[in-house]
Amino acid sequence: MADESNANTSQPIVVDNEKDNLNHLLDSSYPLLQRFREACPGSFKHSQALSSMIEGISLSLGLDVTYMKVAALYHDIGKMFNPKYFTENQLEDENLHDKLDPKISFQLITRHVSDTALILLYDENFPRDLIEMITQHHGTSIVKYFFIKSGSKVEDNYRYKAHRPKTVEGMLLMICDCIEARSRSEMQAGKFDPAEVIEDTINTLMMDGQFDEVVMEIGNIRKIKQALAKELEGTYQKRVDYDKAKDEIITKEEK
């Protein structure tokens, strides 16, 4: 069970909650961020990567960069309550879900959204609109792994019980969260195709109705795809090229 006393273990320094004054929440010395890093090292790394990714895309779209970076950095902080139930915080060959009923696993995984809201509501430095946007980052999407594992025929039994994104910012957080996690996974498997990841992720979320409450110009989808393509090539593709170049150097030295 979650130890909800952790949500208020320190008293934050209260500041003006305007968007322009959120920079201090990005400081690595901020107490809540320190606790997140210590409790969930894997989730913290994912959030850091997501914050970095969303910075460039927000600039391209003319969004409030600090606002979006804070949202990305804290979007998974609810995982502090049950860190070992999330794969990014598990050791190799350590999966607590192996012995659990899929429905229990589903409940443990999806509760991180409400736990995130609980933690952030205890901290007066987080604006309510930011917290609301963060809690929409999974929308009503399906937790496919446990849905398939359960053998259930009813998808709605394995959907997040949250609100779908209502703004472009919320939609972007959802898209980037999915793409960062998938890109990292496919890079490790050696089958990363940035264009395919972008198209498949956005189309799947759109067809599932996750963007139905977002009001925006159709052209913004094209801008988001272009910004994502630029960001993925700059972040992930270069790593592939570097590894290839290193191998070529080693090969030449061996000749």
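The model is predicted: local features need pLDDT of at least 70, side-chain atom pairs count only at pLDDT 80 or more, and totals for chains, interfaces and linings use all residues. Residues are numbered from 1 along each chain as its sequence is written, and side-chain values use heavy atoms, leaving out hydrogens and water.

**Confidence.** pLDDT is the predictor's confidence in each residue, from 0 to 100. The protein chain averages 86, and 84% of the residues score at least 70. Residues 1–18 fall below 50. Residues 238–255 stay under 50. Where pLDDT is low, the predicted coordinates should not be read in detail.

**Salt bridges.** The whole structure has 14 salt bridges (a side-chain nitrogen of Lys or Arg within 4 Å of a carboxyl oxygen of Asp or Glu). Three of them are tabulated here.

| Pair | N to O distance |
|---|---|
| Arg159 and Glu155 | 3.7 Å |
| Asp208 and Arg159 | 2.9 Å |
| Glu213 and Lys166 | 2.7 Å |

Asp208 and Arg159 lie 49 residues apart and link distant parts of the chain. Glu213 and Lys166 do likewise, 47 residues apart. Shared partners join Glu155, Asp156, Arg159 and Asp208 into one network.

Burial is judged by relative accessible area (buried under 20%, exposed over 50%, partly exposed in between; 1.4 Å probe, protein chains only). Arg159 is buried at 14%. Glu155 is partly exposed at 38%, and so is Asp208 at 27%. Glu213 is partly exposed at 31%, as is Lys166 at 35%.

Conventions: Contact = heavy atoms within 4.5 Å. Helix = DSSP H or I, 4+ residues; strand = E, 2+ residues; numbered from the N terminus.
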